[in-house]
Amino acid sequence: LSLLAKFSKFPIVEIPLNPGKLLIRARPNNINETFTTRNQLSYAPLRCNKKYMRASIPEHTMLYACPFPNKKEVNDLKEPAITACLEVSNLLRNDLDGEEKITFSKWEVKKEISLYAACFNSEFIEQSDSINALNNYYKNKLKDFSEEETKFFLTINEFIADEFAKEIKPNDPDFLYMISAIFTQMVINNGKGGVYYPSVKTKSGSGVGFNIAISPETTDSSLKLIMAVEGTLYKIGKQIFVDWNTIAEIHDDTKEFNYKPVNESDHFGKQKVLEILHIKKQEKELQLD
């Protein structure tokens, strides 16, 4: 850890979250549990974090979320919701079949947030066009530095990105997150709002998703909660489906809010969802045969 403190200043890539940018966050519900306030859907209280996480140290906390892809319609939650589920779902984390209630919250950036981009892991560079473009942009910005300095800067950023890209299992010791967690704290102490990094859970998937970790101070000053949706995640084998149940459109996130049923076109129901998943599972098995 003392090595982190010895890092000299080095060029970084910043990802700005401009006003109007949308984020999605997922929180699993316990049985008969409903979240009706901003605090319940925001970052965890400091006292609740007793271990290292990917971007937070004990006795500190962060708001973990996923950005909406720019190409997606603002009311289309499906794609970013899946990435959010990959990070929090017990079924997906432990590869179990079943169903799970999850509340998805949509957040809007109201004041620009600057994030450190921890994106330069070699596997993600190969897998994602956007990360590859970011890597080329960074290299181009280093042209005015010496060959030795350039190599040093690239090595540091790749090392940090590799720490954020570690595949850590639920039962692994939390100190494996120590370097990325402490580095995030250094980033915040130097005036950034947090970090931006690819989702480890999507590394071997069909497309790379992204995660964001934002400090409590920046969350409070720069984000507003605009929507909450209660959904049910269903999983059979490798097939997953998120069915929407209720929705709350939030105009004042300082007040408690209430849910109402989603439109009929957005709710399939358990029987229909299971039929869809079984058909998809059978189609996948036939393709493998």
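View 1. The 10 strands form an open sheet with mixed pairing, in the order β1-β5-β6-β7-β3-β2-β4-β8-β9-β10. At its edges lie β1 (14–17) and β10 (260–261), each pairing on one side only. Strands here are DSSP runs of E with at least two residues, and helices are runs of H or I with at least four residues; both are numbered from the N terminus. Two strands pair if DSSP finds at least two bridges between them. This is a predicted model: local features need pLDDT of at least 70, side-chain atom pairs count only at pLDDT 80 or more, and totals for chains, interfaces and linings use all residues. Residues are numbered from 1 along each chain as its sequence is written, and side-chain values use heavy atoms, leaving out hydrogens and water.

**View 2. Strands β6 and β7.** Strands of a sheet pair through backbone hydrogen bonds, either parallel or antiparallel. Here β6 (residues 194–198) and β7 (residues 210–214) pair in the antiparallel sense, over five bridges. Look for V195: its bridge partner in β7 is A213.

**View 3. Aromatic pairs.** A pair of aromatic rings is described by the distance of the centres and the angle of the planes. Rings of Phe, Tyr and Trp (its six-membered ring) pair if their centres lie within 6.5 Å; planes under 30 degrees apart count as stacked, over 60 as edge-to-face and the rest as tilted. The whole structure holds nine aromatic pairs. One of them is F241 with F268, edge-to-face, at 5.2 Å centre to centre and 75° between the planes. F241 sits in strand β9 (residues 239–249) and F268 in the loop between β10 and α10 (270–288), so the pair ties together parts 27 residues apart in sequence. F241 is buried at 13% relative accessible area, while F268 is partly exposed at 38%. Buried means under 20% relative accessible area, exposed over 50%, and partly exposed in between (1.4 Å probe, protein chains only).

View 4. F257 is buried, at 7% relative accessibility. Elsewhere, ring pairs link F145, F152 and F153 into a cluster.

**View 5. Two loop residues with positive phi.** Most residues other than glycine have a negative phi. N32 has a positive phi, near 65°. N32 lies in the loop between β2 (22–28) and α2 (38–41) and is exposed, at 77% relative accessible area. D95 also has a positive phi, near 55°. Its loop runs between α4 (90–93) and β4 (98–109). D95 is partly exposed, at 43%.
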